[in-house]
Amino acid sequence: MRLLVTGTNGQVARALADRAGQFPEITVVAVGRPQLDLENAATIFPALAEARPDLIVNAAAYTAVDKAETEPQRAFAMNRDGAAAVAAAAQTLGVPLIHLSTDYVFSGSKATAYVESDDTGPLGVYGKSKLEGEVAVRSANADAMIFRTSWVYSPFGGNFVKTMLRLAVERPVLRVVDDQVGTPTCALDLAEAILRIAAHAGEGAGTTFHVAGSGSVSWCGFAKHVFETSRLAGGPTVEVVPISTSEYPTPARRPANSRLDTSAFSASFGHSLPDWRAGVEATVRRIIAGAN
């Protein structure tokens with residue numbers, strides 16, 4: 001099987017390449033700019049057709065949540081229009097598609113974890129662009145699977161875990177928001193889940209699934225576990241002080257609760273992602289060891 005993932009530098013694309021060795025029957029091919037550019041629709045079909053994939057994972061996206069507030073055109077161009085072009089190309093090629101979306105399509109007003117059928121209500125441009133992307137993908141390709149994931153981190157690229165470890169070297173104290181709760185997801189665990197179900201992707205045709213780590217935590221609790229793990233591994237650590245969202249204003253509003261219920265995915269494919277703590281521990285140790 002040839003699995004094509006859009007983007008070459010993103011966390012999920014790099015995680016798929018990293019985990020592919022555990023699945024010798026699958027060849028992972030990453031295609032990104034300039035050959036495939038979500039902001040240039042004319043590049044998309046030729047790049048996908050040339051790669052001759054058996055499965056496409058659309059992991060490329062505009063993910064700068066705060067910057068999206070001042071660059072809405074780029075966010076929608078990639079997350080809606082580019083995603084729709086990938087979906088249409090997959091439909092034309094007759095290839096199953098997994099499109100990655102986000103917990104930020106929800107408003108955060110629900111008290112419990114979100115299920116796939118819950119009402120959406122994104123608070124910022126990024127979430128709106130990803131939600132419109134879901135609609136556009138569905139319109140272009142009714143058989144596409146949509147995977148909503150959340151709070152993605154890994155040893156690769158830029159993410160919360162790497163930012164915390166960097167700031168621990170620069171500052172004596174870190175103030176981290178404690179009233180936003182979500183589901184941290186290790187990109188390596190997400191990649192493994194995708195690879196495990198790749199041969200059965202057709203069984204989920206036309207369905208939206210929540211695919212995220214097990215358990216939930218606030219950003220502050222997330223940071224504290226990063227530093228406890230780092231301390232035990234001989235890495236940097238720092239005091240973490242909990243603060244409220246109002247004490248840390250950002251250009252984009254975040255949902256107070258973006259926990260994802262992943263039971264539908266588990267029931268359909270017999271696989272659940274590990275507890276978020278395990279992924280953090282493996283990721284932090286790998287970063288400290290420099291094994292990126």
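A: We can start with burial: F147 and F265 are both buried, where buried means under 20% relative accessible area, exposed means over 50%, and partly exposed lies in between, with a 1.4 Å probe and protein chains only. The model is predicted, with local features needing pLDDT of at least 70, side-chain atom pairs counting only at pLDDT 80 or more, and totals for chains, interfaces and linings using all residues. Residues are numbered from 1 along each chain as its sequence is written, and side-chain values use heavy atoms, leaving out hydrogens and water.

Q: How many aromatic pairs are there?

A: Rings of Phe, Tyr and Trp (its six-membered ring) pair if their centres lie within 6.5 Å, and planes under 30 degrees apart count as stacked, over 60 as edge-to-face and the rest as tilted. By this rule there are 14 aromatic pairs. In one of them, the ring centres of F147 and F265 are 5.6 Å apart with planes at 80 degrees, so this pair is edge-to-face. The two partners are 118 residues apart and link distant parts of the chain, with F147 in strand β5 (residues 145-149) and F265 in helix α8 (residues 263-269); helices (H or I, at least four residues) and strands (E, at least two) are DSSP runs numbered from the N terminus.

Q: Which kind of pair do F265 and F269 make?

A: Their ring centres are 5.2 Å apart and the planes stand at 45 degrees, so the pair is tilted. Both residues belong to helix α8, four residues apart, which is about one turn of the helix, and F269, like F265, is buried. Elsewhere, ring pairs link W151, Y153, F160, W219, F222 and W276 into a cluster.

Q: Which residues touch the most other members of the largest nonpolar core?

A: In soluble globular proteins, nonpolar side chains tend to be buried together. A nonpolar core is a set of buried Ala, Val, Leu, Ile, Met, Phe, Trp, Tyr and Cys residues joined through side-chain atoms within 4.5 Å. The largest has 85 residues, of which L3, L16, F147, I194, F222 and F227 touch the most other members. Apart from this core lies another, of six residues, including V105, Y114, L131 and L260.

Q: Is V135 buried or exposed?

A: V135 sits in helix α4 (residues 125-140) and counts as exposed because its relative accessibility is 54%. From V135 to R80 the C-alpha to C-alpha distance is 8.2 Å, although the two are 55 residues apart in sequence.
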